[in-house]
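Student: Let's go through this one slowly, please, as I am still new to reading structures.

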Amino acid sequence: MVSRDPGRDQRVYVSIECECAWEPEHGLQIVFRDGAAVTKVGPYDGHLTNSAAYADDTLDGVVYRRR
């Protein structure tokens, strides 16, 4: 999926959802910003960044966050 982050920086993000054997319920999500940087890796939740996923600006720039 290609989209812009409507509430934050308006940059272009590419979100890839993958099936994986170790997490069949949620799968894996990898998000790229502007095609140049990985911004998020983890279970698929539809969010483009961890700061958006957890509504926590201190997570801005965090690519992976353990649950």
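**Working through the model**

Student: Where is Val63 found?

Tutor: Val63 is found in the segment after helix H1 (50-53), where helices (H or I, at least four residues) and strands (E, at least two) are DSSP runs numbered from the N terminus. Residues are numbered from 1 along each chain as its sequence is written, and this is a predicted model, in which local features need pLDDT of at least 70 and side-chain atom pairs count only at pLDDT 80 or more, while totals for chains, interfaces and linings use all residues. Side-chain values use heavy atoms, with hydrogens and water left out.

Student: And how does Val63 count, buried or exposed or partly exposed?

Tutor: Val63 counts as partly exposed, at 30% relative accessibility; buried means under 20% relative accessible area, exposed over 50%, and partly exposed in between, with a 1.4 Å probe and protein chains only.

Student: Which residues form a nonpolar patch on the surface with Val63?

Tutor: Val38 and Tyr64 form that surface patch with Val63, and together they have about 250 Å² of accessible area. Patches are made of residues with over 30% relative accessible area and no salt bridge, where like charges are joined within 9 Å and nonpolar side chains (Val, Leu, Ile, Met, Phe, Trp, Tyr) within 5 Å. The areas themselves come from the Shrake-Rupley method with a 1.4 Å probe, and for residues only the protein chains shown count as cover.

Student: You mentioned salt bridges, so how many salt bridges does a search of the whole structure find?

Tutor: The search finds two, a salt bridge being a side-chain nitrogen of Lys or Arg within 4 Å of a carboxyl oxygen of Asp or Glu. In one of them, Asp34 pairs with Arg11, and the closest N and O atoms are 2.7 Å apart. This pair links distant parts of the chain, with Asp34 in the loop between strand E3 (28-33) and E4 and Arg11 in the loop between strand E1 (2-4) and strand E2 (12-18), 23 residues apart.

Student: New topic: what about Thr39, where is its place?

Tutor: Thr39 sits in strand E4 (residues 37-42) and counts as buried, at 8% relative accessibility. The side chain of Thr39 reaches the backbone oxygen of Leu48 at 3.1 Å, which we can read as a polar contact, that is, a pair of N or O atoms within 3.5 Å; within protein, one must be able to donate a hydrogen and the other to accept it, and residues adjacent in sequence count only if both atoms are side-chain atoms.

Student: Which residues does Thr39 touch?

Tutor: Not counting residues up to four places away in sequence, Thr39 touches several, including Tyr13, Val31, Leu48, Thr49 and Val63, where contact means heavy atoms within 4.5 Å. Thr49, in the loop between E4 and H1, counts as buried at 9% relative accessibility, and a polar atom of the side chain of Thr49 lies 3.1 Å from the backbone nitrogen of Ala52.

Student: How far apart are Arg8 and Ala52?

Tutor: They are 44 residues apart in sequence and 8.8 Å apart in space, C-alpha to C-alpha. Arg8 is in the loop between E1 and E2, and, leaving aside its neighbours within four places in sequence, Arg8 is in contact with Ser51, Ala52 and Asp57.
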